[in-house]
Amino acid sequence: MIARSLAAALLTLGSLLVAPPAQAEPLRAGPAPIKVMPLGDSITAGGGSTQLDGYRADLRERLISAGLDVDFVGSAPYGASADPDTEGHPGWTIEQVQEILTDRLAAYQPDVILLQLGTNNMNPARHAAAGAPAALTRMLETIRTARPAAQVFVARIPGTAFYGGQWQVNTGQYNAAVPAIVAAAGPRFHLVDQSGIGGLDLADTLHPNNYGYAKMTWNWYRAMERVLRPAGAAPWPAGKNPYTATVTYRCIKKSVAPFARYALGCHTWSKRPVTVYGRTVSMWRTPAQVKTTKRIKVHGRVVTRETVVTKWITGW
């Protein structure tokens with residue numbers, strides 16, 4: 001009898017050791033608001049957007065339209081939306097956010113975390129890029145321990161305008177490591193790919209403009225629907241998909257090579273057919289006023305004449 005009982009106990013223990021973990025139940029709306037914590041750096045804070053709302057104001061409206069009662073939480077409000085709370089810290093690295101993370105999770109007890117972090121680690125001057133994947137792994141472990149029931153959405157970070165530079169190289173290497181880190185963290189951690197945002201989506205060298213943030217919103221929203229929408233419930237309202245837009249308004253504050261040809265400031269951009277190497281493709285274009293000067297002779301004297309011409313600026 002003792003032998004049979006011991007064998008049964010060992011069999012039960014063995015099944016616990018080899019059985020795959022049960023899939024976590026998705027978060028569902030209850031009587032209290034769903035607490036959403038936007039967590040990260042200046043991109044979470046909305047840097048580059050016209051009112052520092054970033055993706056948050058648009059995402060909040062989309063979630064409300066989907067029938068969710070949401071409350072954005074955090075210690076650092078930014079922007080002009082009706083609910084500006086966020087845990088976005090401009091200039092901070094993963095390690096710096098890690099230092100305050102346990103306290104912030106305890107104070108605000110988020111049900112949903114939107115983690116957009118790592119851009120500042122990619123700065124070559126900080127020498128923090130190589131350790132960023134390990135730092136992200138530690139952060140996800142902290143979140144899992146402190147908020148085991150939370151649904152956590154982890155972003156691959158947007159690109160930069162430092163094309164060909166070490167900052168962009170670091171970003172690509174980090175983004176390549178993120179999916180495996182998120183997958184290893186468990187079933188309540190979900191990858192959201194924001195790495196395709198760049199080029200004309202940026203207001204400066206690092207921060208999205210309003211159109212870039214609209215893309216970020218769309219990516220968060222669709223990822224959240226897959227997790228938060230109860231099985232059998234109607235799909236969430238699609239609203240405007242920025243990826244299918246053919247006309248949009250972009251503000252660009254700073255250009256770096258090879259984008260010096262971009263029209264700085266705020267302009268309406270339209271998708272138009274452009275012939276590239278004999279092939280017609282659809283690219284974003286905007287008319288820009290370009291000043292040119294030339295020296296000519298007038299009545300025997302050399303003078304400088306300035307002319308203003310309209311040229312089409314093309315980008316992607």
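**A walk through the predicted model**

Of the protein's 316 residues, 45% count as buried. The model is a predicted one. Its secondary structure consists of 7 helices and 10 strands. Among contacts in the protein with a separation of 6 or more, 66% are accounted for by residues 24 or more positions apart. The protein exposes about 15,900 Å², and carbon and sulfur atoms supply 58% of that area.

T142 is found in helix α5, which covers residues 132-146. Is T142 buried or exposed? T142 has a relative accessibility of 17%, and because buried means under 20%, T142 counts as buried. Which residues is T142 in contact with, leaving aside its neighbours within four places in sequence? They are Q98, L101, T102 and L105.

The next feature is the largest pocket, which has a volume of about 160 Å³. Part of its lining is made up of S49, T50, Q51, D53, G54, Y55, A57 and D58. The lining also includes N210, Y213, A214 and T217. Two helices, α3 (56-65) and α7 (210-228), each supply at least two residues of this lining. Which element gives the largest share? That share, 4 residues, comes from α7.

Sorted by class, the lining of the largest pocket has 6 polar, 4 nonpolar and 2 charged residues. D53 and D58 are among the lining residues, and Asp counts as charged. Y55 and Y213 also line the pocket; Tyr counts as nonpolar in this classification.

Notes
Residues are numbered from 1 along each chain as its sequence is written. This is a predicted model: local features need pLDDT of at least 70, side-chain atom pairs count only at pLDDT 80 or more; totals for chains, interfaces and linings use all residues. Side-chain values use heavy atoms; hydrogens and water are left out. Buried means under 20% relative accessible area, exposed over 50%, partly exposed in between (1.4 Å probe, protein chains only). Contact means heavy atoms within 4.5 Å. Accessible areas come from the Shrake-Rupley method with a 1.4 Å probe; for residues, only the protein chains shown count as cover. On a 1 Å grid over the protein atoms alone, a cavity is a set of points where a 1.4 Å probe fits but cannot get out, and a pocket is an open set with protein on both sides within 12 Å along at least five of seven lines; lining residues have an atom within 4 Å of a point. Grid points are joined across faces, edges and corners, and a volume is the space filled by probe spheres set on the points.
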